[in-house]
Amino acid sequence: MRIAILGFLAGIFWLQQQAALSPFDWWPLPMAALATVWLLRHRRGALVQLSRAVLIGAACAALGVAWATLRAEWRLVDQLPREWEARDVDVIGAISGLPRLTDRGIRFEFDVEKILTPGAVIPARLSLSWYAEGRRAEDELVPHARLASGDRWQFTIRLRRPHGTINPHGFDFEA
C-alpha cells in the first residue's frame with residue numbers, strides 16, 4: 001500500500017514540475033501495468049515480488065499524473081477567453097470572501113450569478129480590485145466601506161487574464 005501511495009504522490013509531484021500540460025493519450029499504460037500485476041498475483045519468488053512492486057508503483061504514478069491532469073484541465077476550462085480581456089462586462093453576483101484593503105484600493109472575491117452583457121464569456125469566480133481615486137485607499141473609503149461578504153452587487157467590470165509577477169518574492173496571482 002505504501003508503494004501505491006508513494007507512486008501516486010510522485011505522479012502528482014511530477015506533473016506539478018512540468019511547464020505545460022501534456023496531452024493525455026497514454027492512459028492505457030497504467031491499465032496495462034495493473035493487468036500485468038493481476039496476472040502475476042499467484043506467482044511466487046523475490047523477482048516476481050519486486051517486479052510486482054515496481055509495476056504497482058509505476059501504475060499508481062501514472063494514475064497520479066492522470067488525476068492531476070484531469071484536475072488541471074477542469075480548472076483551466078473556467079478561464080477568461082482572450083477576446084474578452086480588457087472589455088467592459090456587466091455582471092450581477094455576490095461578494096464571496098472578506099474584502100481586503102490594499103495600498104491601492106480594495107480586493108475581494110466575487111461569484112458571478114448572471115452576465116448581463118450579451119455574448120460575454122467570463123469565469124464563474126473572480127478576484128476583483130476596486131482602485132481608490134486618491135493617493136491612498138484610506139482617503140477613498142466611502143464606496144469601499146459598503147462592501148461586505150455576502151452582499152449582491154451589479155458591476156461593470158474590466159477583466160484581465162492572470163499573469164505571473166516579475167518579483168520572485170511577491171504574490172503570484174496566476175498560481
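Four salt bridges are counted in this predicted model, a salt bridge being a side-chain nitrogen of Lys or Arg within 4 Å of a carboxyl oxygen of Asp or Glu. Because the model is predicted, local features need pLDDT of at least 70 and side-chain atom pairs count only at pLDDT 80 or more, while totals for chains, interfaces and linings use all residues. Residues are numbered from 1 along each chain as its sequence is written, and side-chain values use heavy atoms, with hydrogens and water left out.

One of these pairs joins Asp88 to Arg158, with the closest N and O atoms 2.8 Å apart. Asp88 belongs to strand β1 (residues 88-95) and Arg158 to strand β5 (residues 152-158), so the contact ties together parts that are 70 residues apart in sequence; helices (H or I, at least four residues) and strands (E, at least two) are DSSP runs, numbered from the N terminus. Asp88 is partly exposed at 42% relative accessible area, whereas Arg158, at 58%, counts as exposed, where buried means under 20%, exposed over 50% and partly exposed in between (1.4 Å probe, protein chains only).

Glu109, Asp111 and Arg125 are linked in a network of salt bridges. Glu109 meets Arg125 at 3.8 Å, N to O, and since Glu109 lies in strand β3 (residues 105-115) and Arg125 in strand β4 (residues 125-131), the pair ties together parts 16 residues apart in sequence. Arg125 also meets Asp111, at 3.5 Å from N to O, a link between strand β4 and strand β3 across 14 residues.
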